[in-house]
Amino acid sequence: MPCGRDDNPYNVLMPELPEVETVARGLRACLTGRTITKVTVHWPGSIGTPGPRRFAQSLAGRLVTDVHRRGKWIVIELNDGQTLLVHLRMTGQLLLEHADCPVDDYTRVVFSLDKSSGAGCDHLCLRFSDMRKFGRLILTDDPSDVLGELGPEPLADDFTVERFRCMLAKRRGRIKSLLLNQHFLVGLGNIYVNEALWRAHIHPLRSAHSLSSDEVEALHEAIRFVLRAAIAGGGTTLENGNFRQVHGETGEFAGQLQIYGCEGESCACCGSLVQRIKVGQRGTYFCPQCQPPPDVE
């Protein structure tokens with residue numbers, strides 16, 4: 001299996017922190033200062049709260065004041081104090097397209113926008129497309145109702161090595177499963193956890209509390225390195241994958257993946273053959289030489 005190919009039957013994965021950050025930055029550049037003039041809901045199931053009719057009515061006439069990210073959620077702040085939260089899930093896309101382009105079968109919600117004086121952003125509308133219909137849009141007065149229980153941000157200044165060490169100290173679960181837990185640490189999914197553990201030379205079945213001080217430091221550095229590199233690459237679009245940036249571009253980081261999807265290939269570090277196991281029903285890739293298996297714990 002060539003590196004970077006996904007091993008699930010649909011060949012799609014939930015966008016992780018780098019993909020969501022890439023989308024949020026693209027939206028911020030074109031949406032901030034724009035007014036939503038109309039909302040058309042093509043599939044009501046995409047709307048979490050409130051109901052589809054109230055959702056559309058409440059957003060019409062609202063000015064976008066900022067766009068950012070929290071975990072895997074896109075956060076769109078509005079001038080009336082409300083917040084639009086978007087979770088792309090597996091196949092969700094937020095695309096800025098010309099308003100005259102026909103709506104395809106996967107378009108679930110369309111946000112019409114006022115005209116813009118910004119170069120390259122005029123005559124565009126925002127479309128939420130979602131082939132498998134798992135994504136959700138929520139309009140709320142208090143985003144903490146949705147975001148309040150999320151864990152710390154791995155790229156934040158306050159996510160220090162010492163804080164990470166304290167977070168891991170009493171955790172006896174497998175390190176890979178723990179890193180996927182959004183209440184423990186936000187934004188990481190299967191791709192980047194595999195990459196970070198390989199870079200830190202830590203086997204995915206290690207118990208979290210068993211990591212030495214040096215290993216915690218190495219993993220902390222690896223997580224931040226991989227996430228920043230993936231953001232710089234515009235995220236990861238796997239072969240035949242679904243992720244698209246807001247203007248339809250693919251993410252370019254797939255070509256830099258070192259371990260994910262590389263079963264049977266030579267490890268880029270030592271040349272040993274990459275192996276694949278399942279951890280928590282997720283395909284998990286590791287090098288048996290660089291990431292020695294744990295002792296019985």
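The structure holds zero disulfides, a disulfide being a pair of cysteine sulfur atoms within 2.5 Å. This is a predicted model, in which local features need pLDDT of at least 70 and side-chain atom pairs count only at pLDDT 80 or more, while totals for chains, interfaces and linings use all residues. Residues are numbered from 1 along each chain as its sequence is written, and side-chain values use heavy atoms, with hydrogens and water left out. Helices (H or I, at least four residues) and strands (E, at least two) are DSSP runs numbered from the N terminus.

**Cysteines**

- The sulfur of C125 lies 7.6 Å from the closest cysteine sulfur, that of C101, which is too far for a bond.
- C125 counts as buried at 4% relative accessibility, whereas C166 is exposed with a relative accessible area of 54%; buried means under 20% relative accessible area, exposed over 50%, and partly exposed in between, with a 1.4 Å probe and protein chains only.

**The sheet and the helices packed on it**

- Four strands form an open sheet in the order 1-6-7-5 with antiparallel pairing, where two strands pair if DSSP finds at least two bridges between them.
- Strand 1 (36–41) and strand 5 (92–98) are the edge strands, each of which pairs on one side only.
- Neighbouring strands of this sheet are turned by 20° against each other on average, direction ignored; axes are lines fitted to C-alpha atoms, for helices over the stretch in contact, and angles run from 0 to 180 degrees between N-to-C directions.
- Strand 1 pairs with strand 6 (residues 107–113) in the antiparallel sense over five bridges, and K38 stands opposite S112 in strand 6.
- Helix 1 (residues 17–31) packs on the sheet and touches strand 5, strand 6 and strand 7 (124–130), its direction making about 30° with that of strand 5; contact means heavy atoms within 4.5 Å.
- Helix 2 (residues 52–59) also packs on the sheet, where it touches strand 1 and strand 6, and its direction makes about 165° with that of strand 1.

**Nonpolar cores**

- In the largest nonpolar core, which has 42 residues, F164, L168, L179, L219 and I223 touch the most other members; such a core is a set of buried Ala, Val, Leu, Ile, Met, Phe, Trp, Tyr and Cys residues joined through side-chain atoms within 4.5 Å.
- At least two residues of this core come from each of helix 4 (161–169), helix 5 (175–180), helix 6 (190–199) and helix 7 (213–232), and helix 7 gives the most, with nine residues.
- Leaving aside residues up to four places away in sequence, L168 touches I175, L178, F184, A208, H209, L211 and V216.
- A second, separate core of 33 residues includes V20, V64, L78 and F111.

**Loops and backbone geometry**

- Most residues other than glycine have a negative phi, and most peptide bonds are trans.
- A cis peptide bond with omega of about -15° joins T49 and P50, and P50 is found in the loop between strand 1 and helix 2.
- R89, in the loop between strand 4 (83–87) and strand 5, has a positive phi of about 50° although it is not a glycine, and R89 counts as partly exposed at 29% relative accessibility.
- H201, in the loop between helix 6 and helix 7, likewise has a positive phi, near 60°, and H201 counts as partly exposed at 37% relative accessibility.
- A156 lies in the loop between helix 3 (144–147) and helix 4 and is partly exposed, with a relative accessible area of 22%.
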